[in-house]
Amino acid sequence: MKKLIFLEYFTYIAIVALVLTIAVWNSFINPSIHIPRILPTIIYNIPLLVIMFKLKKNKFSTYIMTSYLMLLYFVIGVGNTTNDNTFVLGVIISSLSLITFISCILYVREKNITSIKNNT
């Protein structure tokens, strides 16, 4: 049971770090000169904020959905590594999304194991 709680907090902290990184990067560190600063921040962070809200309910399906969403953010991070201006952002997004993906998968696996043990 302690492992599940650790994975819950680890997932939540990684998502919060991802939200803060995207917000700070797009607003202060490297804002776009062609579009308003808030637009990319909102576009990138809305799915993460919805996931954060749903993770409070601690449902099995939310962690599966989060792992799929983190694959999308991993691709975004890898795409950002191809540009010199956003290389650091790409590395940070890729690593945080990979950490979140792994912790979500481990949570689902552990929850599945404990539910099988409880049924037998």
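Q: What makes the reach of α1 close to the expected one?
A: In this predicted model, α1 runs over 28 residues and reaches 38 Å from its first C-alpha to its last.

Q: Which residues of α1 are buried, and what covers them?
A: The buried residues of α1 include L4, L7, T11, A14, I15 and L18. Also buried in α1 are V19, I22, W25, N26 and S27. Their cover includes α2 (38-55), α3 (60-80) and α4 (87-119).

Q: How many aromatic pairs does a search of the whole structure find?
A: The search finds two aromatic pairs.

Q: Why is the pair of F6 and F10 called stacked?
A: The ring centres of F6 and F10 are 5.6 Å apart, and rings pair if their centres lie within 6.5 Å. Their planes stand at 20°, and planes under 30 degrees apart count as stacked. The pair of F6 and F10 is therefore stacked.

Q: How are F6 and F10 placed along helix α1?
A: F6 and F10 are four residues apart in helix α1 (residues 2-29), so about one helical turn separates them. An α-helix has 3.6 residues a turn, so residues three or four places apart point the same way.

Q: Why does F6 count as exposed?
A: The relative accessibility of F6 is 52%, and exposed means over 50%. F6 therefore counts as exposed.

Q: Why is F10 called partly exposed?
A: F10 has a relative accessibility of 37%. Buried means under 20% and exposed over 50%, with partly exposed in between. F10 therefore counts as partly exposed.

Q: How do you know that N45 is buried?
A: N45 has a relative accessible area of 5%, and buried means under 20%, so N45 is buried. The place of N45 is in helix α2. Leaving aside neighbours within four places in sequence, N45 is in contact with V19, I22, A23 and Y73.

Q: Which residues touch the most other members of the largest nonpolar core?
A: This core has 21 residues, and L18, L48 and Y73 touch the most other members. At least two residues of the core come from each of α1, α2, α3 and α4. The largest share, seven residues, is supplied by α1.

Q: What does L48 touch, not counting residues up to four places away in sequence?
A: L48 touches I15, L18, V19, I22, L69, M70 and Y73.

Q: Why is the contact of K3 with E110 called a salt bridge?
A: The closest N and O atoms of K3 and E110 are 3.6 Å apart. A salt bridge needs a side-chain nitrogen of Lys or Arg within 4 Å of a carboxyl oxygen of Asp or Glu, so K3 and E110 form one. K3 lies in helix α1 and E110 in helix α4, so the pair ties together parts that are 107 residues apart in sequence. A search of the whole structure finds one salt bridge.

Q: How many helices and strands does the chain have?
A: The chain has four helices and zero strands, and its pattern along the sequence is α-α-α-α. Of its 120 residues, 33% count as buried.

Q: Where in the chain is confidence lowest, and where highest?
A: The lowest is in α4, at a mean of 92, and the highest is in α3, at 95. The chain averages a pLDDT of 93, and 100% of the residues score at least 70.

Note on methods:
Residues numbered from 1 in each chain as written. Predicted model: local features only at pLDDT ≥ 70, side-chain atom pairs only at ≥ 80, totals over all residues. Heavy atoms only, no water. Phe/Tyr/Trp six-rings, centres within 6.5 Å; stacked < 30°, edge-to-face > 60°. Buried < 20%, exposed > 50% of the residue type's maximum accessible area, 1.4 Å probe, protein only. Expected span 1.5 Å × (residues − 1). Contact = heavy atoms within 4.5 Å. pLDDT = per-residue confidence, 0-100. Core = buried A, V, L, I, M, F, W, Y, C linked by side-chain atoms within 4.5 Å.
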